Amino acid sequence: MNQTKKIALGAGDTGKEELLEIQFNEPVYPPYEDSELLAKAVWMAPFYSKAIDIGTGSGIQSVVYSKKHRRTEVISIDISRNALNYAKKNAERNEVSKNCEFVRTSKLACLKGNKQPTIWFCNPPYLPPNEQIDPYLPKEEILTLVSGKTGFEFSLEIIEQFEERATIGDNLYLLTSSHSCPETFEQQLQKRGLIAEQVAKVHIFFETLQVQKISKSEKNETD
Ligand SMILES: C[S@@+](CC[C@H](N)C(=O)[O-])C[C@H]1O[C@@H](n2cnc3c(N)ncnc32)[C@H](O)[C@@H]1O
């Protein structure tokens with residue numbers, strides 16, 4: 001059965017209080033604490049003309065950014081057909097479907113030519129396979145949660161793509177978890193001349209979630 005969650009965002013550019021309505025159902029990833037933490041950071045992010053929402057799920061991040069910045073073109077991608085169906089409906093429900101293009105693809109395989117985004121959002125699957133995850137869940141649902149052996153593999157690919165495609169001033173808003181190799185994260189950024197600023201943080205049970213705003217260091221670009 002479909003479930004609906006209402007999320008208060010605060011005042012938009014017009015001064016009007018904005019409220020989101022996100023509908024979801026299995027196997028689509030519900031707007032959990034990690035989704036809401038990233039959504040808060042996305043709501044505060046400045047205007048960029050082209051955005052990409054990697055692993056859009058219910059579409060929450062695309063809807064939030066489009067509500068705030070009506071002139072941005074957002075590409076919302078996911079590997080799951082079900083997720084994209086819900087994301088499309090959620091964009092319509094929240095009256096932002098004109099801003100969003102929904103593409104079924106794995107990671108950034110769809111990005112060609114002038115589609116290069118200037119702001120990136122990603123709440124990746126970030127858990128290592130572990131005994132708390134029911135191995136009998138449908139594969140599509142496992143894909144929303146688990147990445148590789150360490151939980152960091154999906155994020156690392158996005159960081160690599162950002163290093164390759166982004167220019168100075170572009171930003172990647174990436175959700176990270178204490179369950180997914182925080183030390184490796186720091187090392188990988190340093191190695192690539194990327195810098196991170198923590199813009200949101202929450203502790204839930206035995207986990208710390210953060211949103212990192214990642215950008216290219218001007219120093220490294222000119223060296
Ligand atoms: C943790 S959920 C995040 C959903 C949503 N962005 C949010 O913040 O609630 C991760 C999403 O990544 C998608 N995903 C998993 N593997 C993918 C891949 N290779 N390419 C694109 N999306 C993928 C899943 O289907 C899922 O919707």
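**Ground rules.** I number residues from 1 along each chain as its sequence is written. Because the model is predicted, I require pLDDT of at least 70 for local features and 80 or more for side-chain atom pairs, while totals for chains, interfaces and linings use all residues.

**Confidence.** I looked up pLDDT, the predictor's confidence in each residue, from 0 to 100. The chain averages 92, and 98% of its residues reach 70 or more.

**Fold.** I count 7 helices and 9 strands, taken as DSSP runs numbered from the N terminus (helices H or I, at least four residues; strands E, at least two). The C-alpha trace spans about 50 × 45 × 35 Å along its principal axes. I find 39% of the 223 residues buried, meaning 20 or more other C-beta atoms, placed from the backbone, within 10 Å of the residue's own. Of contacts (C-beta atoms, placed from the backbone, within 7 Å) with a separation of 6 or more, 65% join residues 24 or more positions apart.

**Ligand shell.** I list 21 residues around the ligand; Ser 35, Gly 55, Gly 57, Ile 79 and Asn 123 come nearest. A residue is near if its C-beta atom, placed from the backbone, lies within 6 Å. At least two shell residues come from each of α1 (33–44), α2 (60–68), β4 (73–78) and α4 (139–145).

Key
A residue is buried if 20 or more other C-beta atoms lie within 10 Å of its own, exposed if 12 or fewer, and partly exposed in between; C-beta atoms are placed from the backbone. Two residues are in contact if their C-beta atoms, placed from the backbone, lie within 7 Å.
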